2 protein chains.
Amino acid sequence: MSTISKENYLKAIFSYSTELDNNASTTMIANHLSISSSAISDMAKKLSKEGLVKYEKYKGIMLTPHGEKAALKVIRRHRLWELFLMNVLGLDWSEVHNEAEKLEHYSTDFLIDKIDEYLGHPDFDPHGHPIPKKNGSIPEIPNVILLAEAETNNKYELISVNDKESELINFLKKVGLKLNSKLEIVDKLDYDNSISVRVNKKNITLSKKVSDNLFVRLIEG
Amino acid sequence: MSTISKENYLKAIFSYSTELDNNASTTMIANHLSISSSAISDMAKKLSKEGLVKYEKYKGIMLTPHGEKAALKVIRRHRLWELFLMNVLGLDWSEVHNEAEKLEHYSTDFLIDKIDEYLGHPDFDPHGHPIPKKNGSIPEIPNVILLAEAETNNKYELISVNDKESELINFLKKVGLKLNSKLEIVDKLDYDNSISVRVNKKNITLSKKVSDNLFVRLIEG
DNA sequence: CTTAATTGTTAAGCAAGCTTAACTTTGTTC
DNA sequence: GAACAAAGTTAAGCTTGCTTAACAATTAAG
């Protein structure tokens with residue numbers, strides 16, 4: 001049976017799965033969830049028994065197709081709630097995540113479908129992340145790269161933010177960067193890998209730490 | 001600390017408190033929550049230690065002012081969610097309760113205030129029940145009596161439904177009765193205590209079981 | 001007012017989901 | 001490739017919130 005804990009494990013494992021390496025390590029998940037690593041080993045066995053996860057001792061954890069479907073379902077709920085709370089109640093970019101983090105576990109499929117319908121079956125959430133469809137498919141983001149990898153003199157649009165740390169979102173607010181903001185790369189500084197961009201007719205400099213967590217889409221070459 | 005279980009206990013105890021008798025019995029709460037009565041005794045001790053409840057062995061359970069405040073807070077969350085889901089997402093009378101039953105435990109005060117504001121600080125929920133205010137006060141319903149106690153030839157408005165059993169709500173839907181429906185008492189039948197009322201130009205007969213769970217307000221004498 | 005039925009409490013035990021501490025495997029460095 | 005560090009696992013134990021079974025208090029009926 002699915003519980004809150006299990007849903008959170010699945011989400012965490014999912015977030016460490018890439019095309020290159022689908023394996024999540026015990027410590028990664030432990031840190032992500034702020035839980036001891038022994039608890040992770042334990043849970044890995046349970047999820048494995050339920051067929052949600054492929055788990056071999058000392059070899060890492062990997063979602064099965066079944067587990068991935070379950071994870072996407074939770075992510076769908078999370079992102080729909082985020083968008084809904086922003087659009088309807090006018091919550092802030094930085095406020096929605098925490099609320100959604102709870103509500104995602106306590107909404108029936110029925111309610112989520114109603115929200116989806118209300119919003120017109122949107123493809124992306126307020127952070128620019130794709131909202132998995134009911135059937136498990138994931139809307140594609142076109143030509144997205146890290147801001148850190150953007151090229152000088154090109155123009156980009158801010159598409160998505162790695163929101164693991166909400167400090168980043170607060171930082172962006174202060175600097176005046178929003179989702180869909182247009183930014184032109186003015187200069188890339190080899191010395192500290194910072195990047196100088198022009199937004200709203202102002203030049204600002206972003207550290208590597210920031211540009212490594214922002215995703216952009218090329219709009220003018 | 002407040003947990004989901006504790007919140008549900010407090011709500012249950014509250015629902016058995018009247019002006020006449022503020023005491024809730026172990027079995028009443030056990031039935032209400034579908035939980036063994038031993039679990040109730042256990043929890044009563046815990047809540048008592050936290051000062052939320054006055055509990056004496058074999059003498060019943062009673063909310064302290066502190067506990068009542070906590071219960072009203074949960075009820076407020078529940079009723080605001082109900083109204084919100086109906087108004088915004090168009091959920092049905094019979095659908096909102098179950099959703100709200102979960103969401104009420106996982107909403108921050110911040111979110112609830114936003115919902116309250118969005119709805120324009122409403123006084124009553126979709127079932128006609130008063131929504132406790134943030135400060136703990138309860139909006140008054142004027143001149144409300146049980147339909148079972150209504151008098152022949154008078155006109156009443158349906159104000160509130162005892163929604164402990166959702167079957168009743170389904171029944172009302174079928175019969176065509178809604179909140180704020182106007183009904184005229186045509187006859188009261190002594191034989192089985194059923195009551196004959198005129199609604200929307202149709203006469204229908206309601207059993208004692210039904211009329212004991214509907215609250216009405218006199219509109220014409 | 002005694003007895004039987006009802007109601008309430010205590011005790012023991014279980015599952016979930018954690019923790020810490022001890023131990024094992026794997027990886028890294030020289 | 002030996003030795004140590006890092007990562008992962010196992011074991012024992014804790015808390016919450018439940019259960020069932022046995023026992024105690026209260027109430028109701030004759």
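Which residues form one aromatic cluster? A:Trp81, A:Phe84, A:Tyr118, B:Trp81, B:Phe84 and B:Tyr118 do. The model is predicted, and the values below are computed from it.

## Interface between the chains

On the side of chain B, 17 residues are in contact with 17 residues of chain A. The area buried between the two chains is about 1,800 Å², and carbon and sulfur atoms give 75% of that area. Within chain B, the residues that lose the most area to chain A are B:Leu89, B:Glu99 and B:Tyr106. Together these three account for 33% of what the chain B side buries.

Three elements of chain B each give two or more residues to the side that touches chain A: α4 (65-89), α5 (93-103) and α6 (109-118). By residue class, that side of chain B divides into 12 nonpolar, one polar and four charged.

## Polar interactions across the interface

The count of salt bridges between chain B and chain A is zero, although four charged residues belong to the chain B side. Polar contact between the chains is found for three residue pairs, with both residues at pLDDT 80 or more.

## Aromatic pairs

Over all chains, the structure holds seven aromatic pairs. One of them joins A:Phe84 and A:Tyr118, whose ring centres are 5.6 Å apart. The planes of these two rings stand at 80 degrees, so the pair is edge-to-face; the cut-off for that class is over 60 degrees.

A pair in chain B is formed by B:Trp81 and B:Phe84, with ring centres 5.9 Å apart. Their planes are at 75 degrees, so this pair is also edge-to-face. B:Trp81 and B:Phe84 both lie in helix α4 of chain B, and because they are three residues apart there, about one helical turn separates them. B:Trp81 has a relative accessible area of 0% and is therefore buried. B:Phe84 likewise counts as buried, at 0% relative accessibility.

## The cluster

The residues of both pairs described above, A:Phe84 with A:Tyr118 and B:Trp81 with B:Phe84, belong to the one aromatic cluster. A:Trp81 and B:Tyr118 are also members.

Terms used: Residues are numbered from 1 along each chain as its sequence is written. Chains are lettered from A and ligands numbered from 1 in the order in which they are written. This is a predicted model: local features need pLDDT of at least 70, side-chain atom pairs count only at pLDDT 80 or more; totals for chains, interfaces and linings use all residues. Side-chain values use heavy atoms; hydrogens and water are left out. Contact means heavy atoms within 4.5 Å. Buried area is the accessible area (1.4 Å probe) that two parts lose on being put together, summed over both. A salt bridge is a side-chain nitrogen of Lys or Arg within 4 Å of a carboxyl oxygen of Asp or Glu. A polar contact is a pair of N or O atoms within 3.5 Å; within protein, one must be able to donate a hydrogen and the other to accept it, and residues adjacent in sequence count only if both atoms are side-chain atoms. Helices (H or I, at least four residues) and strands (E, at least two) are DSSP runs, numbered from the N terminus. Ala, Val, Leu, Ile, Met, Phe, Trp, Tyr, Cys and Pro count as nonpolar, Asp, Glu, Lys and Arg as charged, and the others, Gly among them, as polar. Rings of Phe, Tyr and Trp (its six-membered ring) pair if their centres lie within 6.5 Å; planes under 30 degrees apart count as stacked, over 60 as edge-to-face and the rest as tilted. Buried means under 20% relative accessible area, exposed over 50%, partly exposed in between (1.4 Å probe, protein chains only).
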